[in-house]
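Look at the sequence and the 3D structure shown here before reading on. The report then goes through the model part by part.

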Amino acid sequence: MRLRRRDVLVGGVTLLGCTTRSNPIDARAVSQVVPAMPTIDGAGVRLHRALGSRALPLLDPFLLFDEFQSDDPADYLAGFPQHPHRGFETVTYMVHGAMEHRDSVGNAGRLRPGSAQWMTAGHGIVHSEMPKQESGLMWGYQLWVNLPRARKLIAPRYQDLAPETIPEVTRADGSQLRVVAGKTAEATGPVTGIDVDPLFLDVTLGKGAELRQPIPVGHTCFLLAIDGAVRVGTTEVRAGSLAVLQGGSMAQAHGVEGGGRALLLAGRPLNEPVARSGPFVMNTEDELAQAWVDYRAGVLTRG
Ligand code: MN
């Protein structure tokens with residue numbers, strides 16, 4: 001059977017007259033494109049901050065998004081020695097290279113290429129995040145995710161996700177997805193029990209490939225291109241730029257000539273006041289002051 005242009009075949013039934021003239025998808029539109037800004041953090045690590053800088057301070061519930069990518073050891077060897085966190089979650093995602101995580105109550109783990117760690121700091125941890133290599137390419141990401149007021153002081157929790165626990169999907173159009181958190185048509189990511197119902201996808205799109213990912217209406221959604229470029233609507237988002245996606249119920253992106261790779265993130269906004277100071281994210285200045293008092297008194301090192 002030959003379909004006329006405006007007919008759509010659904011489960012063997014032809015629905016006549018479905019329009020293809022207008023976009024049938026309730027696609028989110030790009031509201032903002034922000035280049036990641038070079039900065040230095042930890043003990044002298046050169047990185048690019050896509051979120052959490054003056055250009056883009058906050059995308060509720062996401063507080064910070066950093067990329068470290070360098071093959072010059074001088075850019076990363078200093079690492080992130082002992083420091084505290086309270087009131088939110090840090091997510092580390094490694095593309096290449098190795099990092100070692102160690103906290104003050106004896107938790108330790110190695111982050112390999114393709115692995116992720118979703119750490120809920122809760123009421124507090126003191127940890128170090130140090131490179132486990134002396135040369136070669138170090139390429140990874142750290143995302144900060146806020147906790148709701150009622151759960152900022154919960155017990156710390158680690159979800160260490162080995163590369164093989166993260167589902168990898170190859171679709172008919174050649175696009176590839178790694179599902180760290182949330183759900184696609186084929187797979188569910190291994191991250192569980194996170195308040196903001198997060199989506200974290202690593203998406204590779206060749207020319208002609210298309211991503212359509214349902215996003216709950218009202219959830220914050222953005223993508224960071226990390227290699228090549230992807231197109232959202234008429235906007236080409238190049239590696240190192242973050243695009244905020246607003247409005248619809250579907251994130252849609254297309255592959256371009258040369259292909260590209262992007263991290264697609266979404267989560268439920270908390271709509272609560274944010275008070276932040278260095279490694280602490282609370283709701284009020286008083287709570288921040290208390291976090292510093294507790295840290296100096298050694299409360300956070302006890303886990
Ligand atoms: Mn940290």
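## Model and confidence

This is a predicted model, in which local features need pLDDT of at least 70 and side-chain atom pairs count only at pLDDT 80 or more, while totals for chains, interfaces and linings use all residues. Residues are numbered from 1 along each chain as its sequence is written, and side-chain values use heavy atoms, with hydrogens and water left out.

The mean pLDDT of the protein is 92, and 92% of its residues reach 70 or more; pLDDT is the predictor's confidence in each residue, from 0 to 100. Over residues 1-20, pLDDT stays under 50. For residues 1-20 the model has 22 contacts beyond four places in sequence, a contact being heavy atoms within 4.5 Å.

## The manganese site

The manganese ion is held by four named residues: His 83, His 85 and His 127, each through NE2, and Glu 129 through OE, at 2.1 to 2.3 Å. Donors are N, O and S atoms within 2.8 Å of the metal (3.2 Å for Na, K and Ca); water is not among the atoms, so sites may look incomplete. Along the chain, the donors of the manganese ion follow the spacing H-x1-H-x41-H-x1-E.

His 83 counts as buried because its relative accessibility is 17%, and His 85 is buried with a relative accessible area of 2%. Buried means under 20% relative accessible area, exposed over 50%, and partly exposed in between (1.4 Å probe, protein chains only).

The largest pocket has a volume of about 470 Å³. Of the 24 residues that line the largest pocket, Asp 41, Gly 42, Phe 80, His 83 and Trp 144 are the closest to its centre. Strands S5 (45-51), S6 (62-70), S7 (80-85), S9 (99-103) and S13 (138-146) each give two or more residues to this lining, and S7 gives the most, with 5 residues. By class, the lining has 10 nonpolar, 9 polar and 5 charged residues. A pocket is, on a 1 Å grid over the protein atoms alone, an open set of points where a 1.4 Å probe fits, with protein on both sides within 12 Å along at least five of seven lines; lining residues have an atom within 4 Å of a point. Grid points are joined across faces, edges and corners, and a volume is the space filled by probe spheres set on the points.

The second largest pocket has a volume of about 260 Å³. Its lining has 19 residues, and Gly 182, Lys 183, Asp 197, Pro 198 and Leu 199 lie nearest its centre. The classes here are 9 nonpolar, 8 polar and 2 charged. Ala, Val, Leu, Ile, Met, Phe, Trp, Tyr, Cys and Pro count as nonpolar, Asp, Glu, Lys and Arg as charged, and the others, Gly among them, as polar.

## Backbone features

Most residues other than glycine have a negative phi, and most peptide bonds are trans. Asp 197 has a positive phi of about 55° and lies in the loop between strands S16 (176-181) and S17 (199-205). Strands are DSSP runs (E, at least two residues), numbered from the N terminus. At 41% relative accessibility, Asp 197 counts as partly exposed. Asn 271 also has a positive phi of about 55°, and counts as exposed at 67% relative accessibility.

A cis peptide bond, with omega about 15°, joins Asp 60 and Pro 61. Pro 61 is in the loop between S5 and S6.

Note on methods
Helix = DSSP H or I, 4+ residues; strand = E, 2+ residues; numbered from the N terminus.
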